Amino acid sequence: ASEKTRARRTHFAFAISREVKRHVFRWAVRESRKMGLLQDMETQPCETASLDSSLERLTELRHFLHQAVIRGILTEADLNLLVDFKLNGGTLAESNGCNGTSPNATRQKLKRLLSKLRRLAAKPK
């Protein structure tokens with residue numbers, strides 16, 4: 001909306017403006033999802049999960065991860081890494097001796113794996 005931007009003859013300024021708007025809208029969508037989840041958690045009474053529901057969630061998680069391995073999205077090593085850190089509470093120092101990578105490299109790999117799984121879970125069936 002500025003005169004300085006309007007006076008430019010290149011498409012570069014408009015491309016930057018569009019990209020910034022896209023990122024802002026993506027951020028707003030993520031924030032609204034977070035707020036919706038927080039509101040749901042506040043409205044639902046805090047009850048201990050029954051054995052049946054936790055067993056059902058565990059079964060769904062195992063099926064989801066198994067399908068990711070079958071489709072080639074995850075390897076067995078990736079799956080073992082995720083299980084070790086997210087479910088068994090492993091530390092980055094423990095993995096250092098296993099495959100010779102630094103704790104930072106392992107942390108980045110975990111982030112990439114979780115991002116892959118989030119994208120896969122967000123896709124409609």
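Arg71 is located in the loop that runs between helix H3 (51–70) and helix H4 (76–87); helices (H or I, at least four residues) and strands (E, at least two) are DSSP runs, numbered from the N terminus. Arg71 has a relative accessible area of 54% and is therefore exposed, where exposed means over 50% relative accessible area, buried under 20%, and partly exposed in between (1.4 Å probe, protein chains only). The model is a predicted one, in which local features need pLDDT of at least 70 and side-chain atom pairs count only at pLDDT 80 or more, while totals for chains, interfaces and linings use all residues. Residues are numbered from 1 along each chain as its sequence is written, and side-chain values use heavy atoms, with hydrogens and water left out.

Arg71 also belongs to a positive surface patch, together with Arg112, Lys116, Arg119 and Lys123. Patches are made of residues with over 30% relative accessible area and no salt bridge, like charges being joined within 9 Å and nonpolar side chains (Val, Leu, Ile, Met, Phe, Trp, Tyr) within 5 Å. Lys and Arg count as positive and Asp and Glu as negative, whereas His and the chain ends are not counted. The place of a charge is taken as NZ of Lys, CZ of Arg, CG of Asp or CD of Glu.

A nonpolar patch on the surface consists of Phe12, Ile16, Val20 and Val24, which together have about 380 Å² of accessible area; such areas come from the Shrake-Rupley method with a 1.4 Å probe, and for residues only the protein chains shown count as cover. Val20 lies in helix H2 and is partly exposed, at a relative accessible area of 48%.

Two salt bridges were counted, a salt bridge being a side-chain nitrogen of Lys or Arg within 4 Å of a carboxyl oxygen of Asp or Glu. One of them joins the side chains of Glu19 and Arg22, at 3.4 Å from N to O. Both residues belong to helix H2 (residues 12–43) and are three residues apart, about one turn of the helix. Glu19 is partly exposed at 33% relative accessibility, and Arg22 is partly exposed with a relative accessible area of 42%.

A salt bridge is also formed by Asp78 and Lys109, whose closest N and O atoms are 3.3 Å apart. Asp78 is in helix H4 and Lys109 in helix H6 (residues 103–122), so this pair ties together parts that are 31 residues apart in sequence. Asp78 counts as buried because its relative accessibility is 8%, whereas Lys109, at 33%, counts as partly exposed. When residues up to four places away in sequence are not counted, Asp78 touches Lys109 and Leu113, contact meaning heavy atoms within 4.5 Å.

For the protein as a whole, six helices and zero strands were found, giving the pattern α-α-α-α-α-α along the sequence. The protein has 125 residues, of which 14% count as buried. Among contacts between residues at least 6 apart in sequence, 49% join residues at least 24 apart.
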